[in-house]
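Here is a quick tour of a two-chain model, with the cut-offs spelled out as we go. Have the viewer open while you read.

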Amino acid sequence: MKKVLAILLAALMVIGLTACGGNNTPTTTAAPQTTAAPGTTAAPTTAPTEAPTEAPVTQGKVFNIYAWNEEFKGFFEKYYTVPEGVTVNWVITPSDNGAYQQKLDEALLNQENAADDDKIDMFLAEADYIGKYVDSPYTMDITSFGFQNVPTMYEYTIKAASDPSGVCKGVSFQCCPAGVIYRKSIAKDVLGTDVPEEVQAKIDTWEKFDAVAAEAKAKGYYMTASFAETFRAFSNNCTMPWVDANNNLQFDPQITAWMDQTREYIKNGYTLTAGVWDQEKTNEMFKTGKTLCFFGPAWYYNFCMTNAQDPAEGCVGDWCLVKGPQAYFWGGTWLLAATGSDNAPMLKDIFETFTVNTDVLNKMVKDDNQYVNNTDVVKAFAEDPNYGNTAILDGQNDIAIFYELAKDIKWENHTNYDQLLNEGLQNKLQEFYNGSVDEETAMLNFYNYIAETYPDIVIPAH
Amino acid sequence: MSKKDSKTLGPQKSVSYAKWGYIFILPFFIVYIVFTLAPQFLTIYNSFFENYRSGLKQIGPNFVGLDNYKALFTADPSGTVRILKYAANTLILWIAGAVPQFVIALLLAIFFTSYRLNIKGQGFFKTVIYMPNLIMAAAFSMLFYTLFSRVGPIQGLLENWGVVDKSFDFFSVRITVRGMIALMNFLMWFGNTTIVLMAGIMGIDQALFESATIDGANSVQVFFRVTMPLLMPIFVYCLITAMIGGIQMFDVPQVLTNGKGVPNEFTRTLVMYLNGYLTTKNYGMGGAISVIIFIITGGLSAVVYKMLSAQYKDPERQHRQRKGNVI
């Protein structure tokens with residue numbers, strides 16, 4: 001018995017030791033590439049350029065996609081047919097505290113040394129930090145694998161994915177004009193009307209919006225359900241970026257306007273101290289919720305409003321969309337082509353599926369209530385008198401409203417620091433709003449947070 | 001083997017097995033030097049450099065001398081030296097969890113090993129008290145977060161009973177957040193400590209307890225005069241390892257507060273601070289903080305060791321020393 005145990009333990013130790021060093025072996029054996037066309041011999045070709053020009057383009061067996069949530073994965077699995085013999089490997093890391101960027105940076109910096117099947121082929125990036133990747137050698141020119149931008153794409157989505165010299169590195173599958181999504185029954189009670197045009201007339205400036213907030217409060221409602229709900233409406237209208245040319249931190253008047261508004265809203269009880277992604281906020285979307293307005297683009301329906309769609313406790317059909325006090329856009333997911341990908345044909349295929357394949361795009365609008373990045377498709381829906389969103393709204397043609405809003409979107413004043421600065425400002429101020437600290441301390445914590453997160457940002461004397 | 005023995009055995013060539021001992025422990029030392037000692041020196045080396053990443057761009061390494069340490073100990077405009085604040089947080093959180101952990105663990109260890117109580121079903125209890133340690137700290141923290149969040153069941157219950165009003169938030173009050181972290185650490189570690197201390201107590205000769213009882217000692221006297229002095233080496237070991245773990249406290253407060261250390265960074269520990277610098281792969285500042293943590297750990301361990309081992313020296317040796325002094 002003892003002997004058996006001893007042998008077992010010894011074996012375990014040996015396995016443990018070899019497991020550390022042996023990491024490279026399986027990956028190198030997986031490296032040989034096979035040709036995409038079935039039937040051709042799977043001879044390992046380390047230098048694809050040697051292949052004769054007529055031969056089918058080589059394609060790696062594994063297609064690696066880095067993402068920070070499951071949103072695109074859902075559409076990908078629904079609408080894209082993966083070529084035979086290719087496995088898609090999703091690496092999903094939540095973006096909180098910059099975790100996704102950290103993970104992605106690590107992988108990209110290691111891209112050159114990674115085995116072909118471990119290399120990132122495509123990764124997703126959000127408006128707040130896409131610049132960091134676009135303006136780097138880690139993303140590749142989409143024309144290098146034969147994809148051409150088409151005029152049906154929104155101009156700003158191309159600009160966002162292009163480096164300063166205009167080389168485009170990816171595409172967006174969505175366009176994200178955003179508005180105010182309000183509860184009809186509460187609007188009726190507070191404003192005496194639930195007709196979109198009349199509601200819009202009552203909240204088309206921030207002054208009017210504030211006045212309605214007071215009326216809502218008087219009737220026992222909240223204007224918004226999160227202190228940060230209106231943040232994007234302000235921050236995406238900034239006239240200057242978070243840092244100037246010399247990396248000095250600067251506060252845009254829009255950011256300070258948001259801070260002023262929120263301070264008042266919290267003081268007067270017009271909103272809640274919950275963060276924009278918190279459950280306390282999304283619980284307000286149930287039928288029993290007491291909140292009039294939510295701020296969001298088309299992706300907000302499925303990503304944030306699942307409570308409103310709850311069959312038992314939700315309130316589908318009690319919602320309408322209007323422009324609100326200030327036109328803005330929020331977020332957006334870009335698909336970027338990673339340098340070193342061995343699956344160029346598939347990249348081209350995916351980009352086409354989600355930007356020009358009208359069958360897929362029509363379905364995405366009709367079935368998934370997305371606002372897709374194709375002006376022809378959305379225009380057709382906007383002008384279609386028979387189209388209406390019944391998944392959440394009361395059958396209103398929301399695409400028509402988004403279509404108008406999307407015309408004004410401009411891509412400017414973005415920095416690589418946006419995600420963590422926007423997130424950090426909200427997190428630190430939340431402590432002021434919930435009463436843990438005074439505003440001065442909250443701002444001090446924010447400055448300390450910047451110094452720690454981005455040592456190269458110069459913080460002005462405060 | 002003494003000389004006398006080898007003489008009686010005749011001119012037989014002696015075989016030294018000592019070198020095998022060294023060969024057998026060699027792998028440990030190699031692994032230790034490569035994976036622990038070398039990185040430790042590298043950390044110290046790195047702490048003298050400016051070395052981080054801005055986006056995907058590498059900045060440095062540039063030699064900056066002691067600038068990183070200076071930055072760490074510079075007060076912010078409110079007059080707070082942040083690293084000291086975080087060090088204080090860490091110690092408070094650890095002590096708040098460790099005091100009940102050791103008191104309860106000692107009590108349980110004594111109950112379980114007492115020949116007079118002779119508790120039935122020990123295996124069951126030992127397993128149960130060890131259970132919380134098997135749960136991942138992150139999962140445990142998520143559980144607590146879910147229980148105590150603004151929309152959690154505890155808040156709802158207390159609101160219904162009228163104990164707190166709707167604006168109350170467990171995570172905006174210093175004592176509740178710290179209390180939760182201490183409670184979690186206590187729950188996770190008291191079972192482990194109990195089992196180690198039990199092993200220590202069982203290593204003590206039962207006859208000593210019996211004879212003390214026969215001599216008329218009550219259980220409190222037995223505990224302080226017999227159990228504790230003999231248990232001291234194990235106890236000090238437990239305390240110091242627990243302290244090292246405590247100074248490196250990270251996962252529980254990190255997950256519970258989502259890395260924010262709410263309220264007002266009063267639950268932000270040293271390692272959470274270190275983790276903040278990892279966003280930009282800041283090896284310079286990270287190294288400097290690590291060195292500080294190393295110094296704190298070493299210093300505190302030395303103090304605890306000195307204090308406790310001075311108080312409870314091996315009684316027999318103390319006795320002999322005293323005799324020696326008299327002579």
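## The cores

The largest nonpolar core has 123 residues, and A:Phe123, A:Tyr182 and A:Leu336 have the most contacts inside it. A nonpolar core here is a set of buried Ala, Val, Leu, Ile, Met, Phe, Trp, Tyr and Cys residues joined through C-beta atoms within 7 Å. Buried means that 20 or more other C-beta atoms lie within 10 Å of a residue's own; 12 or fewer makes it exposed, anything in between is partly exposed, and the C-beta atoms are placed from the backbone. This core lies between domain 1 (59-175 + 332-379) and domain 2 (177-328 + 400-453) of chain A, because both give residues to it; the domain bounds come from an automatic or database domain assignment. Apart from this core lies another, of 49 residues, with B:Ala105, B:Phe235, B:Ile247 and B:Leu270 among them.

Leaving out residues up to four places away in sequence, A:Phe123 touches A:Ile65, A:Tyr66, A:Leu104, A:Leu336 and A:Ala338. Contact means C-beta atoms, placed from the backbone, within 7 Å.

## What you're looking at

This is a predicted model, where local features need pLDDT of at least 70, side-chain atom pairs count only at pLDDT 80 or more, and totals for chains, interfaces and linings use all residues. Residues are numbered from 1 along each chain as its sequence is written, while chains are lettered from A and ligands numbered from 1 in the order in which they are written.

## Chain B and the interface

Chain B has 14 helices and two strands, taken as DSSP runs (H or I, at least four residues, for helices; E, at least two, for strands) numbered from the N terminus. Its C-alpha atoms fill a box of roughly 80 × 60 × 40 Å along the principal axes. Of its 327 residues, 29% are buried.

Where the chains meet, chain B puts in 25 residues and chain A 30 residues. Chain B's side splits into eight nonpolar, eleven polar and six charged residues; Ala, Val, Leu, Ile, Met, Phe, Trp, Tyr, Cys and Pro count as nonpolar, Asp, Glu, Lys and Arg as charged, and the others, Gly among them, as polar.

In chain A, α19 (residues 439-453) buries A:Asn445, A:Phe446, A:Asn448, A:Tyr449, A:Ile450 and A:Thr453. Their cover includes α18 (418-433) of chain A, plus α4 (82-113) and α12 (270-276) of chain B.

A:Thr390 sits in the loop between α16 (375-383) and α17 (398-406) of chain A. A:Thr390 counts as exposed because it has 12 C-beta neighbours inside 10 Å.

Key. The expected span of a helix is 1.5 Å times one less than its number of residues. Two residues are in contact if their C-beta atoms, placed from the backbone, lie within 7 Å.
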